[in-house]
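The entries below follow the order in which I checked things.

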Amino acid sequence: MSQPPLLEFPCNYPIKVMGVAGEYFTEQVLAVFSQHAPGFDREQVRIQPSAKGNFVSVHVVIEAQGAEHIEVIYQALKTLPDLKLVL
């Protein structure tokens, strides 16, 4: 018996990106999403600074078209110099 897929695509898929708080980090993150998931809802983006303000998390929900789509976005995010973690 085969296992059912964990996700059925397309689906809403949340991605949380954490990095060093700086002048351009959030803009760089949103630019990656604009390039690879241009239909994401900018009104739903949540930006949360850390308690001391050294880091920031950016939470974006995209409409993922498939596992490959998600992987492409993860790889693009990993190129950001101030990135610390992608969940």
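In what order do the elements of the protein run from the N terminus on? I read them as β-α-β-β-α-β, with two helices and four strands in the protein, where helices (H or I, at least four residues) and strands (E, at least two) are DSSP runs numbered from the N terminus.

I noted the conditions before going on: this is a predicted model, in which local features need pLDDT of at least 70 and side-chain atom pairs count only at pLDDT 80 or more, while totals for chains, interfaces and linings use all residues. Residues are numbered from 1 along each chain as its sequence is written, and side-chain values use heavy atoms, with hydrogens and water left out.

**Overall dimensions**

I took the box along the principal axes, and the C-alpha atoms fill roughly 50 × 25 × 20 Å. The protein exposes about 6,000 Å², of which carbon and sulfur atoms supply 54%; accessible areas come from the Shrake-Rupley method with a 1.4 Å probe, and for residues only the protein chains shown count as cover. Of the 87 residues, 36% count as buried, a term that means under 20% relative accessible area, with exposed over 50% and partly exposed in between (1.4 Å probe, protein chains only). Among contacts (heavy atoms within 4.5 Å) between residues at least 6 apart in sequence, 70% join residues at least 24 apart.

In soluble globular proteins, nonpolar side chains tend to be buried together. I listed the contacts of Ile15 beyond four places in sequence, and they include Phe33, Val58, Ile62, Ile73, Leu77 and Val86.

**Helix H2**

Which residues of helix H2 (residues 67–77) are buried? I found His69, Ile70, Ile73, Tyr74, Ala76 and Leu77. They lie on the same side of H2, because they cover an arc of only 165° around the axis, the arc being that of the directions from the helix axis to the C-beta atoms. Strand S1 (11–20), H1, strand S3 (55–64) and strand S4 (83–86) are among what covers them.

**Strand S3**

Is Ser57 buried or exposed? Ser57, in strand S3, counts as buried because its relative accessibility is 11%. Leaving out residues up to four places away in sequence, I see Ser57 touching Lys16, Val17, Met18, Arg46, Ile47 and Gln48. His59 is also placed in strand S3 and is buried, with a relative accessible area of 16%. With neighbours within four places again set aside, His59 is in contact with Pro14, Ile15, Lys16, Gln44, Val45 and Arg46.

**Exposed positions**

I checked Glu27 in helix H1 (residues 25–36), which counts as exposed at 53% relative accessibility. Its C-alpha atom is separated by 10 Å from that of Val58, 31 residues apart along the chain. Leu6, in the segment before S1, counts as exposed at 87% relative accessibility. Leu6, Leu7 and Phe9 make a nonpolar surface patch of about 320 Å². For such patches I used residues with over 30% relative accessible area and no salt bridge, like charges being joined within 9 Å and nonpolar side chains (Val, Leu, Ile, Met, Phe, Trp, Tyr) within 5 Å; a salt bridge is a side-chain nitrogen of Lys or Arg within 4 Å of a carboxyl oxygen of Asp or Glu.
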